[in-house]
Amino acid sequence: MSGPGMSQNSVARHILRLVEPIIFGHRRALLIVLGVATLLLAWQASMLKPQAGWLKMVPQQHPYMQVFLKHYASFGGANTIVVALKARHGTIYEPQFMDRLRQVTDAVFFVPGVDRSRVKSIFTPNTIYVDVIEDGLAGATVVPGDYAPTPEMVQRIRANVGKANVIGRLVSEDETSALVLAELQDLDPVSRAPLDYVAVGRQLEKIREQFEDDRVSVEIIGFAKVVHDMTEASVEVAMFFVVALLCMALLLWIYIGSLSLAMIVLLTSLVACVWELGLLHLVGYGLDPFAMLVPFLIMAVSVSHGVQYVNAWANEISTRGATGYQASLATFRALAIPGVVALLTNVAGFSTIYLIDIDVIREMSINAAFGMAGVILVNKALLPAVLSYLRLPNVEKFRHAQAVRERIGDAVFRRMSVLTERGPAIAVICVCIGLAVYGALRYPQVQIGDTTEGVPELRPDSRFNRDARQIARDFWLSTDIFTVVAETFPDACIDYRAMAEIDRFAWYLRNTAGVRDVFTLFDMSKLAYAGLNEGRLNAQVIPRDKYSLAQSTALVPTTTGLLNKDCSALAIQAYTTDHKASTLAGIVEAVKRYEAGENQDRRVQFRLASGNNGVMAATNEEVRRNELPVVIYVYAVVLLFLWLSFRTVSGVLCVGLPLALVTLLGYALMVEMGIGLKVATLPVLAFACGIGVDYGIYSYSTVAAGMRRGLSLRDAYYEKMRSTGKATLFTGVGLASGVAMWIFSKLQFQRDMGILLVFGFTANMIGAIVVLPALAHFLAREEYRHRNKDLTVGAEEAFQPR
Amino acid sequence: MDDRMKRRSLAALVVAAVWFAAGAARADDPAQDPAQAQRAPRPALMAPLAASAPLLDLARAGRRLVAVGARGNIVVSDDGRDWQQVHSPVDVMLTRVFFLDARRGWAVGYDGAILQTGDGGRHWSVQRWVPDRGPLYDVLFLDAQRGFAVGSYGALLRSDDGGAHWQEIDSPIREPGLHFNAIARLADGTLFIAGERGMLARSADEGASWTMLDSPYRGSMFGVLPSGAHGAMIFGLRGSIYVTDDARAVRSIAVDGWDEFDRETVSDPAALAALGWRHVDSPSHESLFRGIADGDQALLTGVNGVVLQVPADGGPVRALASAENETLSGLQPFDGQWIAVGLRGARALPVVAATSPRLATAGAKP
């Protein structure tokens, strides 16, 4: 018997001696306090509002984001909605189509929040073509004032469209589709109230309903529509939660064999969720689509711990005929320490993701910590106190049901215990090595960032993303914008050299792989200058003369988001082919190359980055930078806790190795499923690992306890399977079913998270049941040296008179 | 002083001079104050999309097609489908390209740039670069030595050594300061300039002296083509087309008598005839920028992708259906089809080929 073991035992005893009286000494007071706290937090939770804070999802300290935030006021207002009308047959130059386009333009005009002066389609008065006449210029609207839906008029419109430089922008190149563009104002100009994006989205959906038929399709994209679609999908998540609850209730019922006990576990777990959500609101956070994952996790973790507790409690009663109080105390003494250690390991694991400098991940980390506090409180205080008052409703029936289940279970477990023998152990380990090699080979292929087409929040086959693809095919604009900011000196707009440098850069960027189109001030100013010069193609240039230059650039309003008020910064907007990390990294590289080697005017600096894809590039870099550290920290913490729990190398390895294998296979799964490493999936690895270790600790502690009592490994494993192993099995299924519904979410990142978590939970369960005993065959002999250092301190004493 | 000493002091002097020069160079380093510095020509970026960026003109160098355009881009094609960008020493817009034969060619553009090639457009070098002057709009060589370039605000240059040196021509026709948009040599050797606000001029002595012409139109003329043995066809703003059968006979006007703000378009046929011109009715009113002729008919292109077929004998003008709806600025026949350039770069216009077999089989531009 060695020193540390003794002290570990006595530390545990000390802790229990301290905590026990609080829970079991003043049970009524405790229940009242917890009840009142729960009510207060429920009240807090009820005030929680969905909150999709976009800035939270980005690394605000990243240098690109500094540029982004600096110019946000000038360039960030590109909050556009795009409605495309596409003729299913023929071209847009049909009277009927024109009429409908006019009606849709009018309808968009009345969408809430729309800046009416800047609605743009070929029907709006701000879309003009320049006609050159002998005396100078004649600007006229593309659609003449005397518009009537006649074939002659439609031909006139077609000719005007050709002179308005709107092909590819308002009219598709193949002339089958036309756009209505509108800008949204974030704040109501009168009331200063923030715009309700959901209402905007709903109105747009009405427009679609009204004008789409078998002749014309209506495609709608824009940030407001994304928010609307995401909010609709979030409502679905609430439904998922109900389904997950029902699933768990059913599983609990089957597992425990008593509906009322199942309900106790379920209800106390709900209390943990209430605590989590209440605390979240108390510290001032909202519930964003990412955070919605956490209640599912909390529910699942709490149920898994609760079921262990209730199961053990019921066993004490049915096998020993103990009172509810005795049974609860015994269970508490047996499970409190490993349970709390496991939960603290979870908390420590979750906390490591706080290191990632992205607010939404930090919030998730804090959120999960709150939830874990709730779980500990519920399972180590509320549940023991509640159970101490209860009696098993029908002991005889429960015992019978238990016996039947055990007969089935025992046969299976007896067979499974063969896994601790040499032959099967070697086989299992060989398979594991094979899987590890496979995972290690796949790992370098993990994509950073989003890999799907369209808006990454929504699924690739969602209506929004199908619309976005169609619009991207027909027009130059798309939802993927990568903006480079040219920072220069005030009034640079009248300096030819500075402007020429920026224009050259824009052309360079246009020719960079992954860029579909580039839009700058010059696209408009050159057209204006040519317009002032008889419409000659050879005048589509940046004029050298300062006055002509001033005249042509002044025609471009700052509201385009292409330049700031004093023209000391210009936006170079690149529409990219997609938002794959490799595409964005290539563009970033190209911009840096130009700035370093090609830029000849040092008064101009090309700064990264803005636009949604610029932000994504920053996020990708942050994710790439953090990926390895997060994994290392999580494992450092997990290994530390494992050592503290068992004080044996065997304990650390038997739990840690399967965990590492699952993490490696998680990467392989990401490659196979095309899931990228991003803000949504980075924390999932930590979550899965944190919960995976939970199984390991429960499983190994029972095996080790058995061995320390003198059992053979095989018997200890058999015993473990009969007690906590069963619970592990149940928990794995329960956790997986809790998040499995997420696979059906309309939100792509929730789906990705769901897949990874289901995999993580089930794989870790298999690891704890199959791989752990195989490893133990080679490693666990060490436990015999710690004979009599029981890990379940004082459980037996619960039955002795106090 | 022995040799070694001499060498050493010389070396010291060189070092000092270099150091001095470096210091001086730093003092007025163009990067420090670019606004003050004379801009040097900067090579065009080699860009995969050069052939689909705006192209301003298209010419034939033997079998090869050569097009020039925005940002100094020069692209060549041997089959009319695949275009390769060639290295261009400037990145400013090139407005016109001219080939004397299969090898020798010139291109002009902004910042007074004149480029020259001796190998059919593969390699180009700068002959002239004057960034404080306006753009040049057209270039014409009579033979390997004698050439002319015209441009904005009455720019009129000539070279007698194949473009190695360019001199401004001192002529009264430059006095109004109007843009000279195009220069052409008619079938009989007469030189003809068309320009801003109806400005027209001719030279019967190969550019030695120039005569201002009375104009039938007050809008700008963008192009001039030979028409028949002595005639010319001029075209420009809003689809205006005029033809004369004898450019030597059209009425001239004294430069003193020219006031571009007081000119009227002549629409009375008799008055027109008195000037020596005939108006050509056209179904289109889009501005025409560029044309190509083979003696008895011409194809003109311009805004909205318009392509007009104009018979020289006065027959009706036909607007050919074209798939384009945006500005075209150059056209060449090539292997039974038409290759056009414009706002969206280079492309084939198959529709035109089908409707104009005769021109389509013609060789290089006359």
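The model is predicted: local features need pLDDT of at least 70, side-chain atom pairs count only at pLDDT 80 or more, and totals for chains, interfaces and linings use all residues. Residues are numbered from 1 along each chain as its sequence is written, and chains are lettered from A and ligands numbered from 1 in the order in which they are written.

**View 1. Overview of chain A.** Chain A contains 24 helices and 9 strands; helices (H or I, at least four residues) and strands (E, at least two) are DSSP runs numbered from the N terminus. Along the principal axes, its C-alpha atoms fill a box of roughly 110 × 55 × 45 Å. Of its 802 residues, 54% are buried. A residue is buried if 20 or more other C-beta atoms lie within 10 Å of its own, exposed if 12 or fewer, and partly exposed in between, with C-beta atoms placed from the backbone. Among contacts in chain A between residues at least 6 apart in sequence, 79% join residues at least 24 apart; two residues are in contact if their C-beta atoms, placed from the backbone, lie within 7 Å. The chain is divided into domain 1 (18-47 + 257-393), domain 2 (63-72 + 481-577 + 580-617), domain 3 (78-228) and domain 4 (404-445 + 647-787), with bounds from an automatic or database domain assignment. Taken over C-alpha atoms, the centres of domain 2 of chain A and domain 3 of chain A are separated by 26 Å.

**View 2. Packing of helices α9 and α10 of chain A.** Helix α9 (residues 259-282) and helix α10 (residues 293-320) of chain A pack at about 145°, and their axes are 8 Å apart. Axes are lines fitted to C-alpha atoms, for helices over the stretch in contact, and angles run from 0 to 180 degrees between N-to-C directions. On the α9(A) side, the residues that meet α10(A) include A:Leu261, A:Val265, A:Ala272 and A:Leu277. Among those met in α10(A) are A:Val294, A:Ile298, A:Val303 and A:Val310. By class, this contact has 15 nonpolar, 4 polar and 1 charged residues. Here Ala, Val, Leu, Ile, Met, Phe, Trp, Tyr, Cys and Pro count as nonpolar, Asp, Glu, Lys and Arg as charged, and the others, Gly among them, as polar.

**View 3. The side of chain A that touches chain B.** In this pairing, 24 residues of chain A are in contact with 33 residues of chain B. On the chain A side, β2 (128-133), α6 (151-163) and α16 (496-510) each supply at least two residues. The largest share, 5 residues, comes from α16(A). By class, this side has 9 nonpolar, 5 polar and 10 charged residues.

View 4. Buried residues of α6(A) include A:Val154, A:Ile157 and A:Lys163. Just after α6(A), A:Asn165 takes a positive phi of about 50°. Helix α16(A) is largely enclosed by the rest of the structure, because 13 of its 15 residues are buried.

**View 5. Surroundings of A:Val347.** A:Val347 is placed in helix α11 (residues 324-352) of chain A. The residue is buried, with 21 other C-beta atoms within 10 Å. Leaving aside neighbours within four places in sequence, A:Val347 is in contact with A:Ala369 and A:Met372. The C-alpha atoms of A:Val347 and A:Met372 are separated by 6.5 Å, and the two residues are 25 apart along the chain.

**View 6. A cis peptide bond in chain A.** The bond joining A:Leu608 and A:Ala609 is cis, with omega about -10°. A:Ala609 lies in strand β9 (residues 605-610) of chain A.

**View 7. Two loops of chain B.** B:Arg197 is in the loop between β14 (191-195) and β15 (200-203) of chain B, and its phi is near 50°. B:Arg197 counts as buried, with 22 C-beta neighbours inside 10 Å. B:Arg238 is in the loop between β18 (231-236) and β19 (241-244) of chain B. Its phi is positive, about 55°, although the residue is not a glycine.
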